[in-house]
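Please keep the sequence and the structure in view while reading.

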Amino acid sequence: MRALYVAATGMLAQETNVGVISNNIANMRTTAYKRQRVDFQDLLYQSLRRAGSTTSDAGTTAPVGVEIGSGVKTAGTPRIFSQGPLQATEKTYDIAIRGEGFFRIEMPDGEIAYTRDGSFELNQDGVLVTVDGYEVEGGITIPADATGVGINGDGVVEATLPGQTAPQQLGQIQLSRFINTSGLESKGENLFRETEASGPPQTDNPGSESMGTLVQFHLEAANVNSVTEVSDLISAQRAYEMNARVVTAADEMLQATTQMI
Amino acid sequence: MENAQLVGLSRQMALRRELEVVANNIANLGTAGFKSEQVKFSEYLMPVASAEIFPNNRDKRLSYVEDRATWQDFSAGPIQITNNQLDLAIDGEAFFAIQTPEGVRYTRNGQFQLDTQGTLVTNEGYPVMSTSGPIQFADTETAITVGKDGTVSTDQGPRGRLLLTTFGDPQSLVATGSSMFRAEGIGAELAPGQGGIQQYAVEKSNVQAVVETTRLVELTRAYSTLAQMMQRGDELRRTAIERLGDVTA
């Protein structure tokens, strides 16, 4: 009975939906987390009577056909890269991006990873690193005796060194952006990797064309809206229950048939 | 007596078909731009069987049931605000035109993406058509906005107008899966200034959960009633045969 399989595709789809929603909710407090959503599409149709087939010798045609669908499929789980709210943290090396860019992080294997999580720290050598100790590209080193480190909107890192009055430039943070941000691959740990689908990165200083600007002493919060997620969760649960009811109904029909025999 | 069984059977088969349609509607409760499907039944008069031995009680023609057609309910689905700049919902009766390898397809599912070349595409990667071919964005363009009439522009100026097509008879559209329809006829293109595109929103499925559940209950009950009726018919015949067999000559 096809209805059983159709309902099964529906239940599977809603399971995927709940999986994605729960991951969004779990990451509600993750810095710069971008929420995901599931896009569904209907599956192929079996045409039992084609629309437009002739119904009489006079040339009349059937205006509509008989088409039976075969369920639903998951078409994709795109990430929504809308800006998350900025939170003031009063920490020197907390940097948020206002705009579309990504920080460039040098991974131990030499590859560049991308992140919007700007909760940076200094390592034992005074190099600007992520909380996992991966270097922010550019090798920005803050001398141990530097005071008043400032990072401006255009990514220039400056500090006042002892014996000097004017702040000195210590480095430049660059950002990358992608034509198709949804095509980035998530690596976990708030990092993304470039893929065939995302296109190559365009790298430039913050503040230049469409990269976005940096905001020091701030972090970008997750763009998860708890109210939306919870209501989505409820709809997913109800949809799952409905599909389960179809399974029951199909089962009852089969039962009625077998009892006749 | 045989006829009663056959009439019941025709209805049961139609009900099974209807269950499949209801199951597909429910499975697509969460599919953006999905249009629910309905089944249309009609009476099928069986003209052949007739006996004229009894002049006053002629055989009547038999009514069977047949599922003549499935039709899409093209009423608008609820619009959900998503805050995603490439989500477009259509307010009104038009369809987006999608360029697929098999030809132009039409959809109400406005969950679009950009591909590596910056082309506006569907989840499958098929380009969304504007009045002058696919819509392409350069690497440096940001702030994509889509106006009410489908005009797409960015911070660097206008990029074209989405091709919106309406059909006088949307029932002539054939669902091909992947939220798309194939047109048998030619649709009318919406003129500039017309249309109702809403950016940052998605049209949800127009399946009404309550209605579908009700149909589900109704059709399972109808099916089991028929099963019982057919069983009674069978018993009736068995008893008749038994009784007639008992009569001693």
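A cavity is a set of grid points where a 1.4 Å probe fits but cannot get out, and its volume is the space filled by probe spheres set on those points. The model discussed here is predicted. A search of the whole structure finds 3 cavities of 30 Å³ or more.

**The largest cavity**

- The largest cavity holds about 110 Å³ of space.
- Its lining consists of 15 residues, and those closest to the centre are Ala51(A), Gly65(A), Glu67(A), Leu173(B) and Val174(B).
- Four strands each supply at least two residues of this lining: β2 (45–49) and β3 (66–69) of chain A, and β2 (62–72) and β15 (173–177) of chain B.
- Sorted by class, the lining of the largest cavity comprises 5 nonpolar, 5 polar and 5 charged residues.

**The second largest cavity**

- The second largest cavity contains about 80 Å³ of space.
- Chain A contributes Gln41(A) to the lining of this cavity, while the residues from chain B include Thr107(B), Asn109(B), Phe112(B), Glu124(B) and Met180(B).
- The lining of the second largest cavity divides into 2 nonpolar, 8 polar and 1 charged.

**The contact between the chains**

- The interface of chain B and chain A has 4 salt bridges.
- A salt bridge joins the side chains of Lys73(A) and Glu124(B), with a distance of 3.7 Å from N to O.

**Regions annotated in UniProt**

- In an unreviewed entry, UniProt lists residues 96–159 of chain A as "domain: Flagellar hook protein FlgE/F/G-like D1".
- The end C-alpha atoms of residues 96–159 of chain A lie 19 Å apart, and this span is 0% helix and 42% strand.
- For chain B, an unreviewed UniProt entry places "domain: Flagellar basal-body/hook protein C-terminal" at residues 198–241.
- Residues 198–241 of chain B are 75% helix and 11% strand, and the end C-alpha atoms of this span lie 70 Å apart.

Terms used. Residues are numbered from 1 along each chain as its sequence is written. Chains are lettered from A and ligands numbered from 1 in the order in which they are written. Side-chain values use heavy atoms; hydrogens and water are left out. UniProt positions are given in the numbering used here, feature names are shortened, and annotations may be inferred rather than shown by experiment. On a 1 Å grid over the protein atoms alone, a cavity is a set of points where a 1.4 Å probe fits but cannot get out, and a pocket is an open set with protein on both sides within 12 Å along at least five of seven lines; lining residues have an atom within 4 Å of a point. Ala, Val, Leu, Ile, Met, Phe, Trp, Tyr, Cys and Pro count as nonpolar, Asp, Glu, Lys and Arg as charged, and the others, Gly among them, as polar.
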